Amino acid sequence: MSELRLLRSADLPDLQELSRAAGWNQTADDWQRLLALAPEGCLGVEEGGRIVSSTTAIRYGRELAWIGMVLTLPEYRKRGFARSLMSHTIDLLRYRGTSWIKLDATEEGRPIYTELGFTAETPIERWRRAPAPFDGESPNGIYPFIHDPVLDRRGFGANRAALLQDLASIESASLPTSAYAMGRPGANACYFGPCVARSFESARLVLEWFLSRHPEEEVFWDLFPNNKPAVELARRYGFEPVRHLTRMGMALSPTAPYFMANDSAVYAVAGFELG
Ligand SMILES: CC(C)(COP(=O)(O)OP(=O)(O)OC[C@H]1O[C@@H](n2cnc3c(N)ncnc32)[C@H](O)[C@@H]1OP(=O)(O)O)[C@@H](O)C(=O)NCCC(=O)NCCS
């Protein structure tokens, strides 16, 4: 017997097993953050006393919800669990008056989303930098993170202040009025992102801030390949693309206002599961 239900903290060991089985980078803290930010948006299928399939949906106000962690344990796949969790999530978000939903789709997930009405918006890629000493020093002019809602909304298109506040406590920095960047540990590599910047030069400085603090670690960075300055920066600092996904979106009502994001200001997203 399988049961679809809300996820809770007691499920953390099962959730870690789900992301580990897929080779994903999320840690227990990442799962915990999702449960805390979206206690009513994280769903799972329980069977045999454990969670075997999951989805998460963070709401950024009424304008946008972000779906992530669509995972089914390998031995439980092709039984309709992911599709069922996605349908419930969409119904829930529609009921709450959310205008848009978005996600970053793997090749495996994409057919499910297409069938549910999502359309492809833009490619998004994971880039990786092998451990390498960082030549140089931490740049000048870097301050502790200062939340600049205008700068972030310009890039992301919705208010994600609660998420940024949470991530900022891990590792973050700002170049006042021109850029910010954050980082966090991962199961496989440390993670650079989000990073929103008004110029190539300011993005370069916050990237150097991050790399100077992680000189001998593998680093992941998720970016839009259509953002050519981001690609140039990634290549210049020794990153290479390792995974290719597709950002997809769907309006939940015919009258939903057009969603305005500006990918050219986004040098690094917050995570495939966060937007
Ligand atoms: C993508 C993923 C979540 C799908 O999970 P799932 O629970 O197997 O998904 P579903 O069972 O709902 O649907 C998957 C397929 O099984 C088919 N299926 C569903 N019920 C079925 C049944 N009773 N018998 C046979 N096939 C069935 C579906 O038609 C679908 O096939 P299609 O993709 O060719 O249309 C899973 O493969 C996974 O965890 N992959 C690794 C992580 C990943 O890439 N996640 C997506 C992130 S965007």
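Is D11 buried or exposed in this predicted model? D11 is buried, with a relative accessible area of 4%; the term buried denotes under 20% relative accessible area, exposed over 50%, and partly exposed in between (1.4 Å probe, protein chains only). Residues are numbered from 1 along each chain as its sequence is written, and side-chain values use heavy atoms, with hydrogens and water left out. As the model is predicted, local features need pLDDT of at least 70 and side-chain atom pairs count only at pLDDT 80 or more, while totals for chains, interfaces and linings use all residues.

**View 1. The surroundings of D11.** D11 is located in the loop between β1 (2-6) and α1 (12-21); helices (H or I, at least four residues) and strands (E, at least two) are DSSP runs, numbered from the N terminus. Its side chain makes a polar contact with the side chain of R5 at 2.9 Å. A polar contact is a pair of N or O atoms within 3.5 Å; within protein, one must be able to donate a hydrogen and the other to accept it, and residues adjacent in sequence count only if both atoms are side-chain atoms. Neighbours within four places in sequence aside, D11 is in contact (heavy atoms within 4.5 Å) with R5, L6 and I51.

**View 2. The buried arginine R184.** R184 belongs to strand β8 (residues 179-184) and is buried, at 5% relative accessible area. The R184 side chain makes a polar contact with the side chain of D30 (3.5 Å) and reaches the backbone oxygen of A270 at 2.8 Å. Residues up to four places away in sequence not counted, R184 touches several others, including R33, L167, Y191 and E273.

View 3. The shell around the ligand comprises 19 residues, each with a heavy atom within 4 Å of the ligand; the closest are V70, T72, K78, G80 and T106. An oxygen atom of the ligand lies 3.3 Å from a polar side-chain atom of R77. A distance of 2.7 Å separates a ligand oxygen atom from a backbone N or O atom of K78, and an N or O atom in the side chain of T106 is 2.7 Å from an oxygen atom of the ligand. Elements giving two or more residues to this shell are β4 (64-72), α3 (81-95), β5 (100-105) and α4 (110-116).

**View 4. The exposed residue V150.** V150 is part of helix α5 (residues 149-156) and counts as exposed, at 58% relative accessibility. V150 and S199 are 49 residues apart in sequence and, C-alpha to C-alpha, 15 Å apart in space.
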